[in-house]
Amino acid sequence: MAEKQNPQIGYVVSLCGIMSGLALALMFILGMIPAFEYISPATAGVLIWIIRDRLGVKYGMTSYLTVGILCLLVTPNYEAAMMFLFLLGYYPIIREYLQKIRFIFLRGLTKLAIYAVAGVAAYALLINLFGMSELLDEANEFGKYGTLILFGMGAVAFGLYDRFLGLYKPVYEKIIKPKINKRMGNLR
C-alpha cells in the first residue's frame, strides 16, 4: 500500500515551481525588449524572494540558482541573465541580512561593494567569456569616461532597487501575504 505523502512537500514544490517558472518566463519574454533588460531580472529576483520568505533561505537560494542557470541556457539576452545571476537574483534574499548592519554608512557601503563586485564580474565575464565586446563600444558612446558614467548610473539604479525592496516588503506583509495565506492556508 502506498504511503501518503507529506502535504508540505506538495506546497513546497508548487510554490517553487510556480514562482521559478514565472521568473524564468519573465526573463525570457521581457529580456527580448531592450527597455526591460534590467527590469526583468529585478522582477524575477522579487519572485525568488517570495520563495525565500515563504519557505526559507535554502529554498530561495536553490530556486535562484536554478532560475539563473536556466536563464543562461534558454533566454536570448545574456546580459539580463548575468545581471540576474550575479546580482539581482540573490540580492533580495541577502538584503534582510544586510539590513541588520547597524551603521547606515557601513550598510550602504556594503551594498555598494556588493553591486561593484557583482557588476564588474558580470560584465568581465560577458566581455571576455561570451565575447560581447560591443558592450565596451556602447560605453564609449558616452565619451572618455563612458564606462564610469554607466557604472555610476547602474549604482543609482541599484540604489533605487534597494529602496523599492524596502518599500515592497511592508506592502507584501500587509496586503499580499495575507491573501496568499488565506488561499494556501489549507495546503501548509
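A nonpolar core is taken here as a set of buried Ala, Val, Leu, Ile, Met, Phe, Trp, Tyr and Cys residues joined through side-chain atoms within 4.5 Å, where buried means under 20% relative accessible area with a 1.4 Å probe and protein chains only. The model is predicted, so that local features need pLDDT of at least 70 and side-chain atom pairs count only at pLDDT 80 or more, whereas totals for chains, interfaces and linings use all residues. Residues are numbered from 1 along each chain as its sequence is written, and side-chain values use heavy atoms, without hydrogens or water.

The largest nonpolar core holds 44 residues, among which Ile48 and Leu87 touch the most other members. Beyond its neighbours within four places in sequence, Leu87 is in contact (heavy atoms within 4.5 Å) with Met82, Ile114, Tyr115, Ala118 and Phe158.

The axes of H4 (residues 78-88) and H6 (residues 104-128), which are lines fitted to C-alpha atoms over the stretch in contact, come within 9 Å and cross at roughly 145 degrees, on a scale from 0 to 180 degrees between N-to-C directions. Residues of H4 that meet H6 include Met83, Phe86 and Leu87.

In helix H5 (residues 91-98) lies Arg95, which is buried at a relative accessible area of 13% and touches Lys111, Asp162, Leu165 and Gly166, residues up to four places away in sequence not being counted.

Note on methods
Helix = DSSP H or I, 4+ residues; strand = E, 2+ residues; numbered from the N terminus. Buried < 20%, exposed > 50% of the residue type's maximum accessible area, 1.4 Å probe, protein only.
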